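This briefing is meant for a reader who is meeting the structure for the first time. Please keep the sequence and the three-dimensional view at hand while working through the topics below.

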Amino acid sequence: MAYSFNGTTQYLSVPDNSNLDVTGALTIRCIAKPNATINVEGYFIGKWTGATNQRSYALGIYLNKIYAIVTSLGTSASAVDVQGSTLIGTSQNDFAMVFTPSTSLQVFLNGASEATNTTSIPASIFNSTSPLTIGYIPITYFPGTIAEVGIWNAALTAAEIASLAKGMTPDKIRPQNLVFYAPLVRNLQDTKGGLTITNNNGATVATHPRVY
């Protein structure tokens, strides 16, 4: 099961919290399936309020390819990003991003490294006051399903990312560094930190097979 978003109004949100204010090493992972080819932008997870320059990090699809972005000053000018090469279309995939301070920003597709940026990587991520959003970052909504959202305050290894793609749940991978875990299976729960997840505009539960 997963949560399904209409791509126009529906998203989940979590208020700003110290658990989510990851400024150092960071890993984000989810399983997602677009219900339409995303030829511009569609984000799975982000802490990225645009108007007030409270940007931190985001993972999604840009121009039909996996995409991740972080910023050190909360502004677009300080952003560093990375984009994969595989066309996503409407297929279900396991998506992940790994930020290693001063070293790299990397994206993984179905457990395999898809692209790595090692140029001008910041030493830290901006500590934003914006909420965490799932299925949306201003002003872009994601059309499709999202499940098994995990956030770690550590840079997971390639082997750990591969284990997630094979079906290992986030709470079994580096649990001491897991700061947020929302399976998004029927109930809206952060099973790691107990943070409140709000369903905005009626996102629904849908069938969503795992990726193995």
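Predicted model: local features only at pLDDT ≥ 70, side-chain atom pairs only at ≥ 80, totals over all residues.

- Strands β6 and β7 pair in the antiparallel sense, and 5 bridges are found between them.
- Strand β6, which covers residues 65-71, has 6 of its 7 residues buried, so this strand is largely enclosed by the rest of the structure.
- Strand β5 (residues 54-62) also pairs with β6, again in the antiparallel sense, here over 6 bridges, and within this pairing Leu59 stands opposite Ala68 of β6.
- The hairpin that β5 and β6 make has 2 residues between the strands, and in this hairpin Leu63 takes a positive phi near 55°.

**The open sheet**

- The open sheet is formed by 7 strands in the order β7-β6-β5-β4-β11-β2-β16, with antiparallel pairing.
- Its edge strands are β7 (79-83) and β16 (198-200), each of which pairs on one side only.
- On average, and with direction ignored, neighbouring strands of this sheet are turned by 15° against each other.
- At the β16 edge, strand β2 (residues 11-14) pairs with β16 in the antiparallel sense over 3 bridges, and Ser13 is placed opposite Thr198 in β16.

**Aromatic pairs**

- Which terms describe a pair of aromatic rings? The distance of the centres and the angle of the planes are used for this.
- A search of the whole structure finds 7 aromatic pairs, and one of them, formed by Phe44 and Phe95, is tilted, with 4.5 Å from centre to centre and 45° between the planes.
- Because Phe44 lies in strand β4 (residues 41-49) and Phe95 in strand β8, this pair ties together parts that are 51 residues apart in sequence.
- Is Phe95 buried or exposed? Its relative accessibility is 0%, and Phe95 therefore counts as buried; Phe44 also counts as buried, at 0% relative accessibility.
- Phe44 also forms an aromatic pair with Phe142, and this pair is edge-to-face, with 5.2 Å from centre to centre and 80° between the planes.
- Since Phe142 lies in the loop between β13 (140-141) and β14 (143-152), while Phe44 lies in strand β4, the pair ties together parts that are 98 residues apart in sequence.
- Phe142 is buried, as is Phe44.
- Elsewhere in the list of aromatic residues, Tyr11, Tyr136 and Tyr141 are linked into a cluster by ring pairs.

**Asp94 in strand β8**

- Asp94 belongs to strand β8, which covers residues 93-100.
- With a relative accessible area of 1%, Asp94 is buried.
- The side chain of Asp94 is joined to the side chain of Arg29 by a polar contact of 2.6 Å.

- In helix α1 (residues 158-165), the buried residues are Glu160, Ile161, Leu164 and Ala165.
- These residues cover an arc of only 145° around the axis, which means that they are on the same side of α1.
- As background, an α-helix has 3.6 residues a turn, so residues three or four places apart point the same way.
- The elements that cover the buried residues of α1 include β3 (26-34), β8, β9 (104-109) and β14.
- Gly167 follows α1, and its phi is positive, near 120°.

**Glu160 in helix α1**

- Glu160 has its place in helix α1, and with a relative accessible area of 17% it is buried, the cut-off for this term being under 20%.
- When residues up to four places away in sequence are not counted, Glu160 touches Ile173 and Arg174.
- The side chain of Glu160 makes a polar contact of 2.7 Å with the side chain of Arg174.
- Glu160 and Pro170 are 10 residues apart in sequence, and their C-alpha atoms are 9.7 Å apart in space.

Conventions
Residues numbered from 1 in each chain as written. Heavy atoms only, no water. Helix = DSSP H or I, 4+ residues; strand = E, 2+ residues; numbered from the N terminus. Buried < 20%, exposed > 50% of the residue type's maximum accessible area, 1.4 Å probe, protein only. Polar contact = N/O pair within 3.5 Å; in protein donor to acceptor, adjacent residues only side chain to side chain. Pairing = 2+ DSSP bridges. Axes fitted to C-alpha atoms, helices over the stretch in contact; angles between N-to-C directions. Phe/Tyr/Trp six-rings, centres within 6.5 Å; stacked < 30°, edge-to-face > 60°. Arc of directions from axis to C-beta. Contact = heavy atoms within 4.5 Å.
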